[in-house]
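Work through the exercises below with the model open. Each task is followed by a stepwise solution.

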Amino acid sequence: MMEDVATSSTASWFQATARQRVAGLLDPNSFVEFLEPSERVQSPHLQLFDLPAAFDDGVVIGCGKLHGKDVFVAAQEGQFMGGTFAEVSGAKLVGLVRAARDHKNLPQTVLLLMDSGGVRLQEGNAGELAVAELMRAIVQARCAGVAVIALVGGRAGAFGGAGLTTATCSRIAVSEQGRIAVSGPEVIETNKGVEEFDASDKALVWSTDGGKTRRLLGGADAFAEDSMEAFRTVAKTLMAKVPVLDLTTMRAEHERLAARQERLGACDDAVSMWRVLGIEAPETIRDMNSKDFTALANSMKESNHDAR
Amino acid sequence: MQTLNFRHTASRRLPGKKDKAIIGVVASGNLEVLLERVLPEAACEVVIATPIRGYDETWKAVVADFVERCSPGGLRISINDGGARPDTVYLRLVQGSSLMETK
């Protein structure tokens, strides 16, 4: 929609809005939006709380092309109410994934540009249901052969229902700024105390939930620099081949997670986990540039496993 | 929520062929502006939904300034406000109108 510096190939993914990410990710002028803002499919609930609605309820969905291949795309706007799952925004995501699941003539690749703190508290029940329906739809779509790729690198990260949804995808790409987890840092601090997790310690937060540690633990399949071009490249690579989702994969995943718990359960921070994983100088990871980090992660067994 | 509605007669139709555009995000100190070319040549309507009450005169002045400068004839402009300052509102209106002018 906008041709400006914010959507150019070197523009920051982290800083961009959902619409700018869609424009920067897809081939130029290939995006066709479903339920566009002028249709005003917005939240019917926010008015009760005297809160402003958004014309797209914070989710942009549609179809387009990535390096010439037809894709469905959905982008959460992390700046609008934390990119939250609610009745309308959730239904848009669920509808898109179900369309790919049910119609072989539609794009069989879905790119989910996650940027969300989880469920919108003002629409809690609808939001929780939306997350459950979306996860179910993703699993069914994957079983039907659809590739569902999560791209995580926004300000809100992917927390709560967004973290769960991300984990359900065929493949996950994350940038250093991106964070993937269920309970957010402040939630943990509030419930367990500052001794357990200090949410104001940004280095701690990012080393625990951030892109680098997720990639090293195998919780993400690819690492992207914070730019439109990097996410374009990584999405192209990931969607070219996705693992089959079947019972064997699920069993392997359970075994792997149990082994990870055993191996890393005693660690109390990210650096000690990286050391156990066999990284020679784990304290250098934090400042390592993207190129060296990508090479390191790609060389490790733990990071590259179809059973995530 | 407060809803404000301003009608203006612009000096000319806004050039360009684009029939709709959106700019900005509903976030703290920000706003989204949806522009639609649905009105007769010189007519312009601005509809604002804002959770911050009591700034009617400020909105009125910013919108009047914008219409004077950009002459957005033919546009219906709808705003969801997240508590943006007048300079941000003006910036988004001008950005939106220039998006509509692209071919």
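Two strands pair if DSSP finds at least two bridges between them. Helices (H or I, at least four residues) and strands (E, at least two) are DSSP runs, numbered from the N terminus. This is a predicted model: local features need pLDDT of at least 70, side-chain atom pairs count only at pLDDT 80 or more, and totals for chains, interfaces and linings use all residues. Residues are numbered from 1 along each chain as its sequence is written, and chains are lettered from A and ligands numbered from 1 in the order in which they are written.

**Exercise 1.** Find the residue of β5(B) that stands opposite V47(B).

Step 1. Take β4 (residues 43-50) and β5 (residues 75-81) of chain B; 5 bridges join them, and they run parallel.
Step 2. Read across from V47(B): its opposite is S78(B).

**Exercise 2.** Give the strand order of the open sheet in chain B and name its edges.

Step 1. The 5 strands follow the order β1-β4-β5-β3-β2, with mixed pairing.
Step 2. β1 (2-9) and β2 (20-23) of chain B each have a single partner strand, so one side of each lacks a neighbour in the sheet. These two are the edges.

**Exercise 3.** How do α3 (residues 124-143) and α4 (residues 161-168) of chain A pack?

Step 1. The angle is about 5 degrees, and the axes lie 9 Å apart. Axes are lines fitted to C-alpha atoms, for helices over the stretch in contact; angles run from 0 to 180 degrees between N-to-C directions.
Step 2. α3(A) is therefore roughly parallel to α4(A) (angles under 35 degrees).

Terms used: Parallel < 35°, antiparallel > 145°, perpendicular 65-115°, else oblique.
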